[in-house]
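Please work through the exercises below with the sequence and the model side by side, trying each task before reading its solution.

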Amino acid sequence: MAPTALITGITGQDGAYLAQLLLGKGYEVYGVVRRSSHFGIADHRLRWLKIQKDVRFLDANLTDLSSLVRSVEAARPDEVYNLGAQSYVASSWQQPLLTGNVTGLGAANVLEAVRIAQPNAHFYQASSSEMFGLIQEAHQSERTPFYPRSPYGAAKLFAHWMTVNYRESFAMHASSGILFNHESPLRGIEFVTRKVTDAVARIKLGLSDELRLGNIDAKRDWGHARDYVEAMWMMLQQEKPDDYVVATGRTTSVRDMVEIAFGHVGLKSSNYLVIDPALFRPAEVDILLGDPTKARKTLGWEPKTTLEEMICEMVDADLERHNNQGHLVPA
Ligand code: NDP
Ligand code: GDR
């Protein structure tokens, strides 16, 4: 019988790529979708990947335990991936309580739903390198101490420790992937890589003449979402649940990432880049650099896409999108 997976956050970047991966492996895929007045838009990433008809949608919300219990009962999943979150760090200072509720308590709700309705299911928690925050070690691994620097990071840390505690308290197969930044043409437009590639495409096409950014000295360890969802799946195939850092092991400044994007279309960033103090954050994570040795050795996982390849893919997708009246063009 085909294995079954339940994904929260299926309408987001990672949910879409993970659903595509699992469908390709023959899984039956259920996705939690929260009610909004824009459903026809909410599944746009799944439509871009041409898989929206292959996914079974369940109406639930991370803040509503009973809806999650009903979703688990309906899907009877072998694997549950909790990818749903208020995932934008900058917004987490504007909406700290909602972020705690959705990103932190929401994970506890999903753990509870699994414990109540399908305790043998393998569970994945989308943990984040934002939990490291104020860096205390040059390379961050599973043993690096946490020091979150935003309400988002603090909420993710609660969710992370709940996952560890459910594993140790109830013998649940609960794993946590501490993923560093990963991007793609399906990345939300508010995140810095996609903001840059979209602006570069618009400038190239004469639709805009500037790119406004905040702290371009921040450094991130950027990989491709398509590669990172493979690591999620690999974690749930292990005999024992565990925590894994997933990263490339290379860090790059926002400034240098911007250069790659402009360079791809033959433009100079200095002619268009404007630094806007309003876009600086109340507290910053200055640098992230992951050590993925454990994921490589235990899971056999390797990143396949370089930052340069990914940024060029994103700029090309945004050029196509703007040439197509703002609509994403199927991959
Ligand atoms: P996105 O922001 O693209 O997707 C978030 C998803 O969560 C969307 O499907 C959204 O639904 C859903 N969601 C938000 N609030 C609720 C709610 N109250 N109830 C149910 N669903 C909700 O994030 P990504 O795909 O980039 O990331 C996936 C996960 O991985 C997130 O938890 C993120 O925090 C984490 N993460 C991401 C990293 C990255 O670099 N991308 C790195 C490390 C961790 P809707 O479409 O309706 O808004
Ligand atoms: P991040 O991603 O906060 O690392 O969280 P984001 O792309 O938003 O910021 C990365 C860095 O770029 C700097 N920056 C800007 N960022 C945005 N969004 N917009 C700007 O104009 C801008 N200018 C400079 C930021 O200050 C920051 O240093 C992402 C999310 O996906 C989280 O959910 C996930 O957990 C972490 O990655 C790992």
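The exercises that follow treat the sheet, one of its strands, a helix with its contacts, the ligand shell and a loop.

This is a predicted model, in which local features need pLDDT of at least 70 and side-chain atom pairs count only at pLDDT 80 or more, while totals for chains, interfaces and linings use all residues. Residues are numbered from 1 along each chain as its sequence is written, and chains are lettered from A and ligands numbered from 1 in the order in which they are written.

**Exercise 1. The sheet**

Determine the order in which the strands form the open sheet, and state the sense of the pairing.

Solution. Begin with the elements: helices (H or I, at least four residues) and strands (E, at least two) are DSSP runs, numbered from the N terminus. Two strands pair if DSSP finds at least two bridges between them. On this basis, seven strands form an open sheet in the order 3-2-1-4-5-6-11, with parallel pairing. Strand 3 (56–59) and strand 11 (243–246) stand at the edges with a single partner strand each, so one side of each has no neighbour in the sheet. Averaged over the sheet, and with direction ignored, neighbouring strands are turned by 20 degrees against each other; axes here are lines fitted to C-alpha atoms, for helices over the stretch in contact, and angles run from 0 to 180 degrees between N-to-C directions.

**Exercise 2. Strand 5 and its partners**

Find how many bridges join strand 5 to strand 4 and to strand 6, and decide whether the residues of strand 5 are buried or exposed.

Solution. First, strand 4 (residues 79–82) runs parallel to strand 5 and is joined to it by four bridges; valine 80 has phenylalanine 123 as its bridge partner, and tyrosine 81 has tyrosine 124. Next, strand 6 (residues 174–179) pairs with strand 5 over six bridges, also in the parallel sense, and here glutamine 125 is partnered by serine 176.

For burial, a residue is buried if 20 or more other C-beta atoms lie within 10 Å of its own, exposed if 12 or fewer, and partly exposed in between, with C-beta atoms placed from the backbone. His122, Tyr124, Ala126 and Ser128 point one way from strand 5, Phe123, Gln125 and Ser127 point the other way, and all are buried. Because seven of its seven residues are buried, strand 5 is largely enclosed by the rest of the structure. In strand 6, six of six residues are likewise buried.

**Exercise 3. Helix 1 and helix 9**

Solution. The crossing is right-handed, that is, the near helix is turned clockwise from the far one by less than a right angle, anticlockwise being left-handed.

**Exercise 4. The shell around ligand 1**

Identify which element supplies the largest share of the shell around ligand 1.

Solution. Counting a residue as near if its C-beta atom, placed from the backbone, lies within 6 Å, 26 residues surround ligand 1, the closest being Gly9, Gly12, Ala85, Ser87 and Ala126. Helix 1 (13–24) and strand 5 (122–128) each supply at least two residues, and the largest share, three residues, comes from helix 1. By class, the shell holds eight nonpolar, 16 polar and two charged residues.

**Exercise 5. A loop**

Explain why isoleucine 135 counts as partly exposed.

Solution. Isoleucine 135 is found in the loop between strand 5 and helix 7, and it counts as partly exposed because it has 18 C-beta neighbours inside 10 Å. Isoleucine 287, although 152 residues away in sequence, is 7.3 Å from isoleucine 135, C-alpha to C-alpha.

Terms used
Nonpolar A, V, L, I, M, F, W, Y, C, P; charged D, E, K, R; others polar.
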